Amino acid sequence: MSRERKLFGTDGVRDLANTGNMTPETALKLGRAFVKFTGARKIIIGRDTRISCRMLEGALYSGMSSEGAEVYLAGVIPTPGVSYAVKELRADGGAVISASHNPAEYNGIKFLGADGCKLSDDDELAIEDLFFQDERGTSSNIGRIHDSPELARDYARHIAHLLNDSAVVDDVAFDCANGASCVSVPVLVEHSSFSRLNTAIIASHYDGLNINKSCGVMHMENLTHYVTENHMALGFAFDGDADRVLISDRHGRIIDGDIMLWVLGRWLHKNNLNSKVVVTVMSNMALEAHLADEGITTLRCPVGDRYVLETMRASGAGLGGEQSGHIIASKFTSTGDGLCTAVLFLNAIHELGEDVSTLVDRFGRYPQKLTNLTLTKPRELVDMNAVNDIVKEYECKVSGGRIFIRTSGTEPLLRILVEAPEKNIVEEISEVLAAKLEKFC
């Protein structure tokens, strides 16, 4: 990528709804630019449960329709559900209106190609160029708009069919984050063996304002409390658009993306489906050590599930993901998929004979601390060379560990990650670095 993107971040365009880069005017122009760039004639649009989604949806499909594209409105559906629908309907692309894990006052738009995958940086740059030109098409052809709520149900039934009936566990809870999985999880339960067992669905009554509010992956205490209080075997929590999942064991301890990749990597390797795993720079170093013990190669890439997918494609890896719970198993999905990951995890622990309640203990992660500093100036103005010079002063103090600094692609934050074999070193270096780097924010 030769230029910085002005609109797109690591996961589409995102801002406070009805302000900045997330107004109806912006959505309409983005819709037109997407069709102009891709030449798409058939597009799937999905959304999460935010109050602003319908407003932005109307503007987005208006822009697409005005350029002659036929649009299918899937309604409330997880991001991976749109990816699935794009491929099943052989559409030319898709769009998702969601701000993922962010609070309800935010929203965003991300685009998918005909392969159901997120667009590359260069593709997004090309769409930006057309967005800022904003030249109306001259054709009188207007694309039709179709209401297609069945697409969300089709996706959930597809996920249910991936679940091995003998792998279903009794006493499982699903935290839907009052988001897109509120529609899909009940269908998954209905069309699988979960329907005959004690299964709880919580945070599943959305009102447009409560998405991610004190629930889901951003507030795991909601799920962990429910699991421990009700003596559940385990629980799955999703984010607003359900492309991420985190797990609670029966003790209320969190099984994150690193541990899931450890389990899924061994499972796929056992079935001769994969020998490489792609992780981001944020993944714990213990994951590399565990996978190496199994003869599995680990590759690292920048943060963002589309960078995970790009590295998977380039290396031939069949599995990749992030510590935050974005997991991609290429045999089953084209993007991060919380519901699919939950089902594959159940299949894996069944075939491997895993005791879920001991995974956290056995993983033995390196002590790691992530500190977020709020940026008061644009991310592109942060002098990262000066930041890295300060980091170099302290790298020798984390022998056997690492320091990693980056700006967030979705929020105005500078993230400081310190990882080392000894917890006291992690704490000490984190505090000193935060104090020294605060002036850059």
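The legends below describe close-up views of a predicted model.

Numbering starts from 1 along each chain as its sequence is written, and side-chain values use heavy atoms, without hydrogens and water.

**View 1. An open sheet of 3 strands runs in the order E17-E19-E18.** Pairing is antiparallel; two strands pair if DSSP finds at least two bridges between them. Strands (E, at least two residues) and helices (H or I, at least four) are DSSP runs numbered from the N terminus. E17 (368–374) and E18 (402–407) are the edge strands; each has a single partner, so one side of each lacks a neighbour in the sheet. From one strand to the next, the twist averages 15°. Angles run from 0 to 180 degrees between N-to-C directions, with axes as lines fitted to C-alpha atoms, for helices over the stretch in contact.

**View 2. E18 meets E19 (residues 413–419) over 6 antiparallel bridges.** Phenylalanine 404 stands opposite leucine 417 in E19. Helix H14 (residues 423–437) packs on the sheet and touches E17, E18 and E19. Its direction makes about 155° with that of E19. Contact means heavy atoms within 4.5 Å.

**View 3. The second largest pocket holds about 950 Å³ of space.** A pocket is an open set of points on a 1 Å grid over the protein atoms alone, where a 1.4 Å probe fits, with protein on both sides within 12 Å along at least five of seven lines; lining residues have an atom within 4 Å of a point. Volume is the space filled by probe spheres set on the points, which are joined across faces, edges and corners. Of the 34 lining residues, Arg244, Gln323, Ser324, Leu370 and Arg406 are the closest to the centre. E17 gives the most to the lining, with 4 residues. The lining divides into 10 nonpolar, 13 polar and 11 charged residues. Nonpolar covers Ala, Val, Leu, Ile, Met, Phe, Trp, Tyr, Cys and Pro; charged covers Asp, Glu, Lys and Arg; the others, Gly among them, are polar.

**View 4. Arginine 90 and asparagine 212 both have positive phi.** Most residues other than glycine have a negative phi. Arginine 90, at about 50°, lies in the loop between H3 (79–88) and E5 (93–97). Its relative accessibility of 76% makes it exposed. Asparagine 212, near 65°, lies in the loop between E9 (199–202) and H7 (221–229). At 5%, asparagine 212 is buried. Buried means under 20% relative accessible area, exposed over 50%, partly exposed in between (1.4 Å probe, protein chains only).

Notes: Predicted model: local features only at pLDDT ≥ 70, side-chain atom pairs only at ≥ 80, totals over all residues.
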